[in-house]
Each structure stands twice: as structure tokens, then as C-alpha cells.
Amino acid sequence: MRKILFFLTFALMVLATWMTLFYAPTEVVMGHVQRIFYFHMGTVWAATVAFTVVFVASIYYLVKETAKWDTLAYCSAEIGMLLLTLTIITGSIWAKPVWGTWWTWDPQLTTTFILWVLYAVYLVLRSGAGGRGKKARYSAIFAIIAYVDLPVVYVSARVKRGISPVVFGPGGGGIDPAMMHTLLVTLLGFTLLFVLLLGERRRIMNMENALYARGGRGG
Amino acid sequence: MKKILLIFRKDFLVEWRSKQIFPTMFVFSLLLLLIFNVAFEFRSDINFRTVSAVVWITFIFSGLLALGRSFSLEKENNAFAFLLLTPVSRSYIYLGKLLSNVVMVLLSELFILPLFLLFFLFDAKGIPLSLTGAILPFLGVVVLGTIGFVSLGTFFSSMALNTKLRDMMLPLLVFPLIIPVVITSVGICSSILEGRPFGYYAFSLQVLVSFDIIFILLCSILFEYLIEDSGD
């Protein structure tokens with residue numbers, strides 16, 4: 001199962017890279033730099049999935065109090081941080097030629113920035129909470145509140161007008177079918193990548209815990 | 001409701017007699033105002049946006065300082081363990097503490113506001129200083145914003161105190177979460193000072209009120225999980 005997942009993810013990511021570079025047509029206004037958009041969307045999508053997993057696993061942990069939910073939440077938060085950092089970096093690379101600036105405080109960027117800070121605090125809280133049970137409970141509570149906080153941050157930041165593109169939903173422009181295919185493959189690829197990484201991270205975490213329980217190093 | 005008021009009364013009396021939080025907060029706020037004034041060199045070219053930001057930064061920093069105290073008092077002599085022994089639901093304990101914290105923070109803010117007017121707005125022209133036009137709405141926003149950041153501050157002060165980092169942890173936990181309060185409160189306050197009509201900031205006001213309701217509810221539910229075993 002692990003091997004199948006690995007090869008599937010690998011194949012999809014290679015395909016996504018190829019499609020991004022060669023299959024998708026060049027955007028008329030933005031040119032080649034627009035191609036980074038596919039990986040930008042891929043990472044932000046997978047990060048959203050990751051933080052949703054943290055949220056759900058945290059609720060399960062508070063209700064059931066079994067360590068496996070805590071492990072799941074923690075591993076997912078770590079990978080989510082990685083993906084979100086990549087989102088911000090790819091977004092900046094895209095924004096510089098298109099908007100003429102690396103960063104601007106529009107609602108989406110503000111929310112993304114706060115999202116990043118919130119999960120950074122989540123990881124700090126885990127390292128500084130104390131005993132294992134307390135660590136798990138406190139971080140679960142914080143994760144739930146943080147997840148609920150985000151939509152409110154977004155809505156309150158929208159008081160100012162935004163410039164991030166709205167691709168889907170009302171106001172979104174038409175999109176070339178080839179671009180759509182590329183986007184879908186990239187999204188799927190990053191979803192699988194997230195699942196793969198999550199599985200591996202959990203395996204390592206469980207090994208660490210087992211070692212720790214046996215009195216070895218780690219934990 | 002009666003239980004909430006009892007806890008409120010207890011906390012308020014403790015503060016009233018010991019007078020620890022209130023003077024600290026007041027002097028701390030004064031110092032912050034002084035620092036802002038020196039740093040910005042405010043003269044007659046007053047920018048209402050900056051002034052509103054200064055007010056809220058002062059309120060939030062001094063308020064969190066006080067909240068950090070509110071649970072560490074309970075730690076002394078293990079008072080919190082006894083509070084938990086009382087036949088009261090934990091949500092009520094949270095709500096009682098929230099009420100007493102809001103009242104204490106609001107009281108000190110009320111003392112700071114006139115001084116702030118004196119320091120920053122004394123030579124500003126064209127502020128609509130009518131009672132119904134500016135002062136009452138301004139105070140209303142102060143109350144709503146204070147409820148907003150104190151609701152999360154009260155909740156997390158009890159968490160932060162039990163972590164290894166203690167007081168260091170509280171601002172880390174609270175600051176990113178109360179961003180909506182900062183955005184809306186500062187926005188509304190500067191709109192009021194600029195004399196804008198109600199419709200201009202109605203949306204922000206809705207967001208602020210929703211924030212208060214959402215987080216008071218969420219925190220009172222989660223408070224049961226926060227202090228599950230009274231020992232740690």
C-alpha cells in the first residue's frame with residue numbers, strides 16, 4: 001500500500017511538473033511566470049486540507065482522548081506549515097512581476113500570514129506546554145479556536161479591497177481547458193503528496209514514541 | 001446567572017481590596033501613551049487612524065498584562081483547586097472570570113481615555129465631540145472590542161499559566177487570534193473620529209459583534225476541556 005501510494009504520487013508529481021511546464025498554454029498577459037500558479041494552488045490546497053485534518057483530529061482528541069488523534073494532528077500541522085511556507089514563497093515569486101511587489105496586505109495575504117503565524121504558535125505551544133497529556137489537550141484546544149478564527153480574520157480583512165485573483169466562483173474569469181487539466185492534476189498530485197507525507201511522518205512519530213516508551217532516546 | 005455573579009463578586013472584591021491589577025494597568029498604559037507620543041511626535045497634524053491604533057494597542061497591551069495576573073492569583077494558595085470544588089459548571093467559572101476581567105479592564109480604560117484625549121487630541125480640529133454623535137458610539141466600540149480581546153485573553157491566561165513558558169506564552173497565543181478585533185475596532189474608532197455616518201462602519205461593527213459572540217460561546221464550551229484535571 002505504501003509503495004503503491006509512493007509510486008502514484010511520484011508519477012502524478014512528474015506529470016504535474018511536465019503539464020505545468022509544457023502542456024499548459026502560456027498566459028497572454030502574465031506570460032511564463034503564471035505557470036507557478038499551478039504549484040501555488042497545489043500547495044495552498046494541500047495546506048488547507050492539512051489544517052482541516054488538524055482541526056478534525058483535535059476535536060476527536062478532546063472527545064476520545066486517545067494519543068493517535070494527537071499524533072495525527074501534530075504531524076498534519078507540521079506538513080501544513082511546510083506547504084503553507086511554499087505557498088507564500090511561490091505566491092511572492094508570482095506577485096513580484098505581476099503586481100510589482102513581493103508582498104501586499106490584501107485580505108487573502110493577510111489571512112495567509114495570520115494562518116502561518118497561528119500554526120507557528122501551535123508548534124511553539126507544543127514544544128513549551130509541558131507533559132504529554134497537557135501538551136496534547138492544550139494544542140488541540142488552540143487548534144480548534146485558531147481554525148474558527150480564520151474565517152473571521154478573512155471577513156474582517158475584507159474591509160479593505162483585495163487584489164488576489166478570484167479564479168472560481170462569482171467574478172472568476174473563464175479558464176482554458178488545458179489550464180484546467182493542469183490545475184486538476186496538480187491539485188490531485190499535491191493531495192496525494194500530503195497523504196504520503198502524513199503517513200510517513202506518523203510512522204516516524206510512532207517509532208519515536210515506541211522508543212521513548214522503551215526508555216531509549218527520543219520523545 | 002447568579003453563580004456567574006458570585007464568581008464575579010469574589011474576583012472583583014479581591015482586586016478591590018488588594019489593588020494589584022488596576023494601578024499596574026493604569027501606570028503601564030500611561031507609559032505606553034508617553035512612548036507613543038514621544039515616538040510619533042504628535043502635533044496638530046493628527047491622523048485619526050494612527051490615534052485609534054495607539055488607543056487600541058495601549059488597551060490590548062495593558063489589558064493582557066492584567067489578565068496574566070487574573071489566573072496567577074488563583075494559583076497562590078491553590079485557590080483555583082477550591083474554586084473547582086464548588087458545585088458550579090466550569091463554563092460558569094469562565095463566564096464569571098470573563099465578567100470580572102471585562103469590568104476591571106473597562107474601568108482602567110475609562111480612566112485612561114480622558115488622559116488620552118488630553119495628550120493626543122487637545123489641539124485637533126474638527127472632532128465631532130457631540131455626546132450622541134461621537135462619544136457614546138466610541139465608548140460602545142471600546143466595550144465591544146474589550147469584550148472581544150478579554151474573552152480570548154481570559155481563556156488563554158489560564159492555559160498559558162500552566163505551560164512551561166508561562167507569561168511569555170499569553171501574548172503569543174492571543175495576539176494572532178484577536179487580529180479581527182484590532183482591525184475592526186481601530187477601523188470603527190477612526191471612522192467615528194472622522195465623523196463618518198453609521199453606514200460607513202456598520203459592516204465592521206457586525207464582524208466585531210459576531211467575533212464577541214462566537215468566541216465567548218466557543219471558549220465557555222472549551223473551558224471544560226481546558227481544566228480537566230485540576231492538578232496541572
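pLDDT is the predictor's confidence in each residue, on a scale from 0 to 100. Among the elements of chain B, that score has its lowest mean in helix α4(B), residues 79-85, at 73. Its highest mean there, 91, belongs to α7(B). The structure is a predicted model. For the complex, the predictor gives an ipTM of 0.84 and a pTM of 0.85.

**Confidence in chain B**

- Chain B has a mean pLDDT of 82.
- In chain B, 89% of the residues reach a pLDDT of 70 or more.

**Chain A: overall build**

- Chain A holds six helices and zero strands.
- From the N terminus on, its elements read α-α-α-α-α-α.
- The C-alpha trace of chain A spans about 60 × 45 × 25 Å along its principal axes.
- Chain A has 219 residues, and 36% of them count as buried.
- Take the contacts in chain A between residues at least 6 apart in sequence: 76% of these join residues at least 24 apart.

**Chain B: overall build**

- Chain B holds nine helices and zero strands.
- Along the sequence, the pattern of chain B is α-α-α-α-α-α-α-α-α.
- Chain B has 232 residues, and 41% of them count as buried.
- Take the contacts in chain B between residues at least 6 apart in sequence: 84% of these join residues at least 24 apart.

**Where the chains meet**

- The contact draws 27 residues from chain A and 26 residues from chain B.
- On the chain B side, the elements that give two or more residues are α7 (169-177), α8 (179-193) and α9 (198-226).
- Of the elements on that side, α9(B) gives the most, with nine residues.
- By type, the chain B side divides into 18 nonpolar, five polar and three charged residues.

**Nonpolar cores**

- The largest nonpolar core has 103 residues.
- Ala50(A), Ala73(A) and Leu173(B) have the most contacts inside this core.
- Helix α5(A), residues 132-157, gives the most to the core, with 13 residues.
- A second, separate core has nine residues, including Phe37(A), Phe39(A), Leu183(A) and Val185(A).
- Beyond its neighbours within four places in sequence, Ala50(A) is in contact with Ser76(A), Ile79(A), Gly80(A), Leu83(A) and Phe194(A).

**Helix α5 of chain A**

- α5(A) has 26 residues.
- From first C-alpha to last, α5(A) reaches 36 Å, close to the 38 Å expected at 1.5 Å a residue.
- α5(A) has a kink of about 25° at Asp149(A).
- The kink lies shortly before the proline Pro151(A).

- Phe55(A) sits in helix α2 of chain A.
- Phe55(A) counts as buried because it has 20 C-beta neighbours inside 10 Å, and the cut-off for buried is 20 or more.
- Leaving aside neighbours within four places in sequence, Phe55(A) is in contact with Ala143(A), Ile144(A) and Tyr147(A).
- Phe55(A) and Leu83(A) are 28 residues apart along the chain, and their C-alpha atoms are separated by 16 Å.
- Leu62(A) also has its place in helix α2 of chain A, residues 36-64.
- Leu62(A) has 21 C-beta neighbours inside 10 Å, so Leu62(A) counts as buried.
- Leaving aside neighbours within four places in sequence, Leu62(A) is in contact with Ala140(A) and, in chain B, with Tyr225(B).
- Leu62(A) and Tyr138(A) are 76 residues apart in sequence, yet 9.6 Å apart in space, C-alpha to C-alpha.

- Glu65(A) is found in the loop between α2 and α3 (67-99) of chain A.
- Phi of Glu65(A) is near 55°, a positive value in a residue other than glycine.
- Glu65(A) counts as partly exposed because it has 15 C-beta neighbours inside 10 Å; that class lies between the exposed limit of 12 or fewer and the buried limit of 20 or more.

Methods
Residues numbered from 1 in each chain as written. Chains lettered and ligands numbered in written order. Predicted model: local features only at pLDDT ≥ 70, side-chain atom pairs only at ≥ 80, totals over all residues. Contact = placed C-beta atoms within 7 Å. Helix = DSSP H or I, 4+ residues; strand = E, 2+ residues; numbered from the N terminus. Nonpolar A, V, L, I, M, F, W, Y, C, P; charged D, E, K, R; others polar. Core = buried A, V, L, I, M, F, W, Y, C linked by C-beta atoms within 7 Å. Expected span 1.5 Å × (residues − 1). Bend = angle between axes of the 7 residues up to and from the residue.
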